Amino acid sequence: MPVRSPAGSRRPRRRAATLTAVPLLLAAAALLTGPPAQAAPEAAGPPAAAPAPRCSPAYRITQTLDGGTVWRMCWHYEGNAGLVLDDVSYQPKGERAPIKVLTTAKLAQIHVPYDDGGNEYDDLTGQGFAQGLMKLDPAECPGGTIKTVRVPGAYDPAHPDVSGLCATTRARGHAYRMGPYPGEHARTYQLQGKDLLLYTVNKVGWYEYISEWRFSGDGTMTLQVGATGTVSPGDFDAGDGRGAPLGKGAKDYATSHSHNVFWRLNFGLDGSAANTVEQVDSATTLRPGGRTPTIRTTRTPVTKELAGDTGALRWWRVVSNAGKNRDGHPRSYEIVPGASSKYTGRSYTRHDIYFTEYNKCEQFASNNLANCGARAGRSVDTWVNGQPLKHPIAWVNIGFHHIARDEDQEPMPVHWQGFQLVPRDVTAMNPLTPPALSGHNGHYG
């Protein structure tokens, strides 16, 4: 593993052999991918046998959660992206077969520019993110299993296997609650849920990144990265006028910087890559006399590659062309961004989401290592060039502007950034609906 840098430098020195070998690691392929899942039938019936995954048992994850929901997936570890999830499927109680959601999902970059313009890093493809996989203590994975990961291009070639992937469950809190008005005599329905949680910790310089993937019983996925570790002492400079003072008085300053985290999502809803994308916008119209404003919502198919920006009433969903729920509505997943600080210093960070047509060569949102052709750029913004979307890839960008504070010393509390994938019409009702309420589809009581 790399050692901490001297006080005068911002990142630990990397062995030249490691960095020069990194582009070769891009070719590290998935171990094995799973078979396409079939769309759930319109009529209920006994559950069908789940198709056998195409990965070996050591790389399978299957977890039954609250309400009978089963999540299934494979995983592998790449030499730049780190953990990659393959063939993610979701089977709520009452569905005869697993519903495939994602073909692959992974981090696509952590871009770290410093406010003083002195340093700028691409942590995945330039700073050995994957090689910095940390060994986890059993206490860090309560109630779960720590899986052994073989790290391509490991810093210590004699010990490439790291106990670095935690698979466990974690309390979610309320999955739902519905109770009577005060004074009414009726039952309260509530469920305390648990999530399937997968995570790794990767060390890059003074930072440690916790990459979390959460899967809930209602079909929601939460993807987030937490930054912890410590503030680099090499970034203390009382003269740059940009950072916030740390320590006694105003002698030392930690240079402010950004963490722009990208994820790459290859959807495969209902086992088909031919998904469609929709943009949903709601426009507000003010009315005279203080009357309540009106809001009109429109859905626009995204038929060509897109660089999109979130708005107060704008969102996107990826829609299945192969399966519908029992109400006859196409299944889809909505992309719900979390809080984000947009960094406008680079063209590829100026937009919140990108949809590009699948190209095997396009793997990282910036500093893409592979040579994709003479006219192809090396960042996601250059790949949005008007191609029709037949096999869309979603790239989600969530930014955090880190202005250090006294509390960041030491260790630094985790600061999180991420987003959710929320099922929209995947099932006809809440998949956790208790039996007593199962007849309330489309009406109350």
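These legends go with a handful of close-up views of a predicted model. In this model, local features need pLDDT of at least 70 and side-chain atom pairs count only at pLDDT 80 or more, while totals for chains, interfaces and linings use all residues. Residues are numbered from 1 along each chain as its sequence is written, and side-chain values use heavy atoms, with hydrogens and water left out.

**View 1. A cis peptide bond at Pro411.** Glu410 and Pro411 are joined by a cis peptide bond, with omega at about 10°. Pro411 sits in the loop between strand E20 (392-402) and strand E21 (412-424). Strands (E, at least two residues) are DSSP runs, numbered from the N terminus.

View 2. Asp87 is not a glycine, yet its phi is positive, near 50°. You'll find Asp87 in strand E3 (residues 82-91), and at 9% relative accessibility it counts as buried. Buried means under 20% relative accessible area, exposed over 50%, and partly exposed in between (1.4 Å probe, protein chains only). Asn367, also not a glycine, has a positive phi of about 50°; Asn367 lies in the loop between strand E19 (353-357) and E20.

**View 3. Asp218 and its neighbours.** Look for Asp218 in the loop between strand E9 (207-215) and strand E10 (221-229). Asp218 is buried, with a relative accessible area of 18%. Its side chain makes a polar contact with the side chain of Arg172 (2.9 Å). A polar contact here is a pair of N or O atoms within 3.5 Å; within protein, one must be able to donate a hydrogen and the other to accept it, and residues adjacent in sequence count only if both atoms are side-chain atoms. Leaving aside residues up to four places away in sequence, Asp218 touches Tyr90, Arg172, Pro423, Asn430, Pro431 and Leu432 (contact means heavy atoms within 4.5 Å).

**View 4. The salt bridge between Asp161 and Arg150.** The side chains of Asp161 and Arg150 meet in a salt bridge (2.8 Å, N to O). Asp161 is in strand E7 (residues 161-178) and Arg150 in strand E6 (residues 145-150), so the pair ties together parts that are 11 residues apart in sequence. Asp161 is partly exposed at 41%, and Arg150 is exposed at 55%. A salt bridge is a side-chain nitrogen of Lys or Arg within 4 Å of a carboxyl oxygen of Asp or Glu.

**View 5. The salt bridge between Lys203 and Glu208.** These two side chains meet at 3.2 Å, N to O. Lys203 is buried at 13% relative accessibility, whereas Glu208 is partly exposed at 22%.

Note on methods: Helices (H or I, at least four residues) and strands (E, at least two) are DSSP runs, numbered from the N terminus.
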